[in-house]
Amino acid sequence: MGDSVKILNKEKRTKHSFWQKLKNVSRYISAIFMYAICTIMIIIFLCFIVNFIDQRINLKNGVTKPALFSAYTIVSPSMVPNINVLDVAVVVRANDPEDIKVGDIITFNSTDYRYSGVTITHRVIEIDQTSDGTYLYTTKGDANNTPDSSRVAFNNVFGKVVLRIPKLGYLQYILSNAYGWIIIIVVPAVLIIA
């Protein structure tokens with residue numbers, strides 16, 4: 001009789017310790033997840049602060065420049081396989097025309113009559129300098145057969161691509177409707193507060 005009670009107590013302790021271990025593991029994973037979210041939010045907040053300060057300084061000096069950091073969702077397959085549709089390209093402003101080299105991927109405002117005003121991300125394949133010192137960049141999408149028909153002047157360049165975040169554009173697509181916004185923003189915010 002005493003042996004059977006010991007066996008039952010041992011089984012209870014084993015079950016109890018299993019659930020306790022599972023609870024500890026889930027607590028550990030949720031803590032890591034929360035720290036990761038907080039770290040990402042802090043980085044994004046710091047980028048906004050730096051961009052804001054940079055824009056204020058530029059406006060104070062009477063200079064119009066693109067944002068120091070920006071992100072663009074790719075909607076065309078012209079850069080496949082290096083940058084796919086719905087990837088996000090993180091762009092850092094080029095302060096000097098000589099910062100851009102052949103082989104760099106740049107984001108620019110198109111002056112081509114077919115795509116006038118459209119933001120494009122393509123690779124620089126050739127750089128020319130006119131007699132008045134203006135830099136002109138010949139660009140081409142990696143998946144395209146021919147270079148772009150119009151060259152890009154430095155003042156139309158937003159910056160160089162420094163990071164590609166795969167498929168983050170899906171998040172933008174989901175956030176563009178109300179249900180996605182509630183699921184991705186409101187529910188996690190309530191969970192963080194709770």
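**Close-up views of a predicted model**

Asparagine 51 is buried, its relative accessible area being 13%. That view opens the set below; the model is a predicted one.

**View 1. Asparagine 51, a buried residue of helix H1.** The helix that carries asparagine 51 is H1, which spans residues 2–60. The residue counts as buried because its relative accessible area, 13%, falls under the 20% cut-off. Beyond its neighbours within four places in sequence, asparagine 51 is in contact with Ala67, Leu68 and Phe69. A polar atom of the asparagine 51 side chain lies 3.0 Å from the backbone nitrogen of leucine 68. Leucine 86 is 35 residues apart from asparagine 51 along the chain, and their C-alpha atoms are separated by 24 Å.

**View 2. Phenylalanine 45 and a nonpolar surface patch.** Phenylalanine 45 also belongs to helix H1. Its relative accessibility is 51%, so phenylalanine 45 counts as exposed. The patch is formed by Ile42, Phe45, Leu46, Ile49, Phe52, Ile53 and Ile57. Together these residues have about 690 Å² of accessible area.

**View 3. The open sheet of seven strands.** The strand order is S1-S2-S7-S3-S4-S5-S6, and the pairing is antiparallel. S1 and strand S6 (152–153) are the edge strands, because each pairs on one side only. S1 covers residues 69–73. Strand S7 runs from residue 157 to residue 165. In the sheet order, S7 stands between S2 and S3.

**View 4. Strand S2 against strand S7.** Strand S2 (residues 88–92) pairs with strand S7 (residues 157–165) in the antiparallel sense. Five bridges link the two. Valine 88 has isoleucine 165 of S7 as its bridge partner. Valine 90 stands opposite leucine 163, also in S7.

**View 5. Strand S3 against strand S7.** Strand S3 holds residues 105–109. Here too the pairing with S7 is antiparallel, over three bridges. Phenylalanine 108 has its bridge partner in S7: valine 157.

View 6. At 18% relative accessibility it is under the 20% cut-off, so serine 70 counts as buried. Leaving aside neighbours within four places in sequence, its contacts are Ala89, Val90 and Val91. Of these, Val90 is the residue that stands opposite leucine 163 in S7.

**View 7. Lysine 101 in the loop between S2 and S3.** Lysine 101 is partly exposed, because its relative accessible area of 47% falls between the 20% and 50% cut-offs. A polar atom of its side chain lies 2.6 Å from the backbone oxygen of glutamate 98. Apart from neighbours within four places in sequence, lysine 101 is in contact with Val124 and Ile127. Tryptophan 181 is 80 residues apart from lysine 101 along the chain; the two C-alpha atoms are separated by 39 Å.

Conventions
Residues numbered from 1 in each chain as written. Predicted model: local features only at pLDDT ≥ 70, side-chain atom pairs only at ≥ 80, totals over all residues. Heavy atoms only, no water. Helix = DSSP H or I, 4+ residues; strand = E, 2+ residues; numbered from the N terminus. Buried < 20%, exposed > 50% of the residue type's maximum accessible area, 1.4 Å probe, protein only. Contact = heavy atoms within 4.5 Å. Patch = residues over 30% accessible without salt bridge, like charges linked within 9 Å, V, L, I, M, F, W, Y side chains within 5 Å. Areas by Shrake-Rupley, 256 points an atom, 1.4 Å probe, with all protein chains shown as cover. Salt bridge = Lys/Arg side-chain N within 4 Å of Asp/Glu carboxyl O. Polar contact = N/O pair within 3.5 Å; in protein donor to acceptor, adjacent residues only side chain to side chain.
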